[in-house]
Amino acid sequence: MSEITNADYIAEAKKALNDPVLQNALADLQARFGRATALAYRNLPEGPDLRLKAHDIRAKTIENLDVVLETLAENVRKNGGHVFFAYDTQAALDYCLATARRHKVKLAVKGKSMVSEEIGLNTALIENGIEVAETDLGEYIIQLAGERPSHIIAPAIHKSRKDIGKLFADKIRIPYTDDPPRLTRAARKALREKFLAAGIGFSGCNIACAETGHITTVSNEGNIRMATTMPKVHVAIMGMERVAARLEDHDVLLRLLCRGAAAQNMATYVSYVGGPRYLQQVDGPDEFHLVILDNGRSRILADEEFREMLYCIRCAACLNVCPVYGKIGGHAYGHPYSGPVGAVVMPLMAGINRSKDLCQGETLCGACQDACSVNIDLPRMLLALRAKLADGDANWQVSRASIPEKGIYTLWSWIIQNRRVYELFLRLAALGQSLLPKNRDLIRRLPPPMGGWTRNRDIQPVAKKSFMDRWRSGDIE
Ligand code: SF4
């Protein structure tokens, strides 16, 4: 897990706000997918309430996760696959490296996998002398650029066509073009050679099905299918929560996943992988491994307040409507999960104090829950994280983020709960504001510590006569 500091968050957010290419790309992404996803939910035969059913499915699965995972492991093994439960990043990396070494792998191909980003698989492979090629077009682009993904589903959303044209000219030595079909053809040609030469294919898992012992991967490029069937060995890595108990649950989640991710009824390529190929099958790997990763998820599972976060199926619909993500993009959140899902998950996985700005930076507008394919109450968990930062929490090793801030809000809470004090406060504020600089009738600058609120906008002054005073004096009927 990468280090996230609050200074990084602020610096990256500022950088994003000053990047016109990124601002256009984010606005375009949200305009295209935000509304389209809502429409896709409405057009479901069961209507948008299917999200509520999916929430119940996820709740039941997560409540019984130990049994569901054991069933999954048993059925994958029956299908001829190997299963490894990795407690943390290091255990998962060790297993992947040992598997690659056993097969004397020199080149690995990877289908897009956020969990492999989470454990830093590429770095580990490269440090151990194994070349790794990302095969999802967006991931391929950012790998060439030496950058991190900035969106769960669209990792290169921060790059323009021109950026990609220059990158390809520089890195894969093709004549400069910003024509998407030509760029795509060039990537396809370069990647074909990798698919044919790779000794191992790594993938994520969108949803596993315990009942049948298979994993499902979805893509719109077909790259995951090639990465998982052409090399002799396929290693799939999944977060331990990404499982459905029954095939019919899996069906509901898969349909919602495609709608939440890209407003599609179904992704272009859906692969069900249930082990190595059988003798009579032409395609498929000789070995199939499933790595089931904990990496802090057990801790989330153990906490009733945050368990709901494990319902997440990483569809990214919340990113596509979040006003904060829509302005600061994915890099500000720190690697690898961004947007509202990242604002809850990253503090829980990387440390609440260390990544406090992620949860404090969200607006609590509720758009993320409305867009969420499984109706996760993200705003509730954002508030719960903020409460821990305000009061401290020994269980999560959280120290109070700001004692003066806590003091100010405690005082404010007391003021607004006492009518007389509140009215006195309003009168004093109405008097005091006459000393503040104005822009026409608006206040241009508030004094510290409230100055941030007026850094980019003017605000309405407190009314000279409050509503209650006007009511009492008969100004209002
Ligand atoms: S929180 Fe909901 S909308 Fe966001 S990625 Fe997870 S499932 Fe999708």
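Which residues of α2 and α12 meet each other? In this predicted model, Phe-33, Thr-37, Ala-40 and Tyr-41 in α2 meet Arg-259, Gly-260 and Ala-262 in α12, where two residues are in contact if their C-beta atoms, placed from the backbone, lie within 7 Å. The residues of this contact divide into four nonpolar, two polar and one charged; Ala, Val, Leu, Ile, Met, Phe, Trp, Tyr, Cys and Pro count as nonpolar, Asp, Glu, Lys and Arg as charged, and the others, Gly among them, as polar.

Residues are numbered from 1 along each chain as its sequence is written. Because the model is predicted, local features need pLDDT of at least 70 and side-chain atom pairs count only at pLDDT 80 or more, while totals for chains, interfaces and linings use all residues.

**Helix packing**

Two packed helices are described by the angle between their axes and the distance between the axes. Helices are DSSP runs (H or I, at least four residues), numbered from the N terminus, and axes are lines fitted to C-alpha atoms over the stretch in contact, with angles running from 0 to 180 degrees between N-to-C directions.

| Helix pair | Axis distance | Angle |
|---|---|---|
| α2 (residues 20-42) and α12 (residues 247-262) | within 7 Å | roughly 155° |
| α8 (residues 137-145) and α9 (residues 161-171) | within 10 Å | roughly 60° |
| α9 and α10 (residues 180-197) | 11 Å | about 40° |

The angle makes α8 oblique to α9, whereas α2 and α12 are roughly antiparallel to each other; angles under 35 degrees count as roughly parallel, over 145 as roughly antiparallel, 65 to 115 as roughly perpendicular and the rest as oblique.

In the contact of α8 with α9, Ile-141, Leu-144 and Ala-145 of α8 meet Ile-164, Leu-167 and Lys-171 of α9, a set with five nonpolar, no polar and one charged residues. Helix α9 also packs against α10, and there Arg-161, Ile-164, Gly-165 and Phe-168 of α9 meet Pro-180, Leu-183 and Ala-186 of α10, giving five nonpolar, one polar and one charged residues.

**Ligand surroundings and domains**

Around the ligand there are 15 residues, of which Cys-312, Cys-315, Ala-317, Cys-318 and Cys-372 come nearest; a residue is near a molecule if its C-beta atom, placed from the backbone, lies within 6 Å of it. By class, this shell holds 12 nonpolar, two polar and one charged residues.

The domain assignment, which is automatic or taken from a database, gives domain 1 (44-295) and domain 2 (403-472) in the protein chain, and the C-alpha centres of domain 1 and domain 2 lie 52 Å apart.

Notes: Helix = DSSP H or I, 4+ residues; strand = E, 2+ residues; numbered from the N terminus.
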